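The stops below can be selected one after another.

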Amino acid sequence: MSYNLLKGKKGIIFGALDENSIAWKVAERAYKEKASFILTNTPAALRMGKIYELSHKTESMVVPADATSIIDLNILFDKALDHFGGKIDFLLHSIAMSINIRKGIPYTSINYEFLRKGWEISAVSYHKIMQTAWSKNAMNKWGSIVALTYVASKRSFSYYGDMSDYKSYLESITRNFGYHWGIKKKVRVNTVSQSPSVTKAAKSIKGFNQFFILSEKISPLGNASAEDCANYIITLFSDFTRKVTMQNLYHDGGFSKTGISETMIS
Ligand SMILES: NC(=O)c1ccc[n+]([C@@H]2O[C@H](COP(=O)([O-])OP(=O)(O)OC[C@H]3O[C@@H](n4cnc5c(N)ncnc54)[C@H](O)[C@@H]3O)[C@@H](O)[C@H]2O)c1
């Protein structure tokens, strides 16, 4: 069912790789809700993933961009402004990568060059995207900017490695840039702290499958799926959440507020 929640709204969606990606689900839902958007990902992801399948399905343009490259972001935003013939209403940052996790390097002996790269990709890119939009005055008043995060930014999850640190930084950028966007343009900036969902990024985490099951048991509502997450993000892009900003919003079936559940101990 469609509610036309995003009718007339234009956006850029970063991070759709394949049909499991959270960004993929957001794009599908945004399309149903009548939004127009550009899909973007790295040139390598464009080659390896299925983004053109999604662009075909959602009648959207694909523009390659490495979100750590200011040059690429400038080109992307220029193309978007030209393509839409005006400013943008929403941006989704659904990007993360830890080279240390991918290589199985424990937190206690992380490689600092990998740390820097992972931080650039997973956190600083959010600042770069917003700074590019800011410098080009690309956002419409009452626009909405959202990034994905995880509760390991606030509590220790041994398997989440240096990604926990990136997520803390990402949430901090949200508060600080969110302030300036609010003052300048009435644009809101938030992070959504999502349940574990089976995606390419998640599968690189050691022990993810066991944790997925445990998280399901702890959460009173059960894990939120990527589709659930997409539905929630659509509300954040809609006009019904105009005064929500600088927040880290938990979308996790109650996981973050639960200590020990009956299901866990029975
Ligand atoms: N899957 C989960 O369990 C879960 C839970 C909470 C939060 N998240 C977050 O959701 C977001 C999306 O991840 P996902 O789970 O959909 O996995 P995914 O692997 O489908 O998406 C990650 C995306 O990041 C893109 N990316 C990597 N480097 C990039 C760069 N330099 N420039 C632009 N894009 C780049 C990848 O190509 C990929 O499309 C991430 O921020 C992730 O941390 C995921």
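The tour goes from the sheet to the helices on it, then to the core, the ligand and a few loop residues.

Two notes on reading the model come first. Residue numbers start from 1 along each chain, following the sequence as written. The model is predicted: local features need pLDDT of at least 70, side-chain atom pairs count only at pLDDT 80 or more, and totals for chains, interfaces and linings use all residues.

**The sheet**

Show the cartoon and colour the strands. Helices (H or I, at least four residues) and strands (E, at least two) are DSSP runs, numbered from the N terminus. Seven strands form an open sheet in the order 3-2-1-4-5-6-7, with parallel pairing. Its edges are strand 3 (61–64) and strand 7 (248–251), each pairing on one side only. On average, neighbouring strands are turned by 20° against each other, direction ignored. Two strands count as paired if DSSP finds at least two bridges between them. In general, such pairing is made through backbone hydrogen bonds, either parallel or antiparallel.

Select residues 36–41, which are strand 2. Strand 2 pairs with strand 3 in the parallel sense over four bridges, and Leu39 stands opposite Val62 of strand 3. Strand 1 and strand 2 also run parallel, joined by five bridges; here Phe14 stands opposite Thr40 of strand 2.

Next select strand 6, residues 188–194. Is strand 6 enclosed or open to the outside? Strand 6 is largely enclosed by the rest of the structure, because seven of its seven residues are buried. Arg188, Asn190, Val192 and Gln194 are on one side, with Val189, Thr191 and Ser193 on the other, and both faces are covered. Six bridges join strand 6 to strand 5 in parallel, and Leu148 has Val192 as its bridge partner.

Contact here means C-beta atoms, placed from the backbone, within 7 Å. Axes are lines fitted to C-alpha atoms, for helices over the stretch in contact, and angles run from 0 to 180 degrees between N-to-C directions.

Helix 10 (226–237) lies across strands 1, 4, 5, 6 and 7, running at about 165° to strand 6.

**The core**

Which residues touch the most other members of the largest nonpolar core? In this core of 65 residues, they are Ile13, Ala16, Ala23, Val26, Ala27, Leu92 and Ile233. Helix 10 gives the most to this core, with seven residues. A nonpolar core is a set of buried Ala, Val, Leu, Ile, Met, Phe, Trp, Tyr and Cys residues joined through C-beta atoms within 7 Å.

Centre on Ile13: leaving out residues up to four places away in sequence, Ile13 touches Ala23, Val26, Ala27, Phe37, Leu39 and Leu92. Helix 1 (22–32) is mostly covered, with eight of its eleven residues buried, among them Trp24, Lys25 and Arg29.

**The ligand**

Show the ligand and its shell of 27 residues; Ser21, Ala96, Leu148, Thr199 and Ala201 are the closest. A residue is near a molecule if its C-beta atom, placed from the backbone, lies within 6 Å of it. Helix 1, strand 5 (139–149) and helix 8 (200–203) each supply at least two shell residues, and helix 8 gives the most, with three.

**Loop residues**

Select Lys34, in the loop between helix 1 and strand 2. Its phi is near 75°, a positive value in a residue other than glycine. Lys34 counts as partly exposed because it has 14 C-beta neighbours inside 10 Å.

Move to the loop between helix 10 and strand 7, where Met246 lies. Met246 has a positive phi near 65° and is partly exposed, with 17 other C-beta atoms within 10 Å. Phe240 lies in the loop between helix 10 and strand 7 and counts as exposed, with 11 C-beta neighbours inside 10 Å.

Notes. A residue is buried if 20 or more other C-beta atoms lie within 10 Å of its own, exposed if 12 or fewer, and partly exposed in between; C-beta atoms are placed from the backbone. Two residues are in contact if their C-beta atoms, placed from the backbone, lie within 7 Å.
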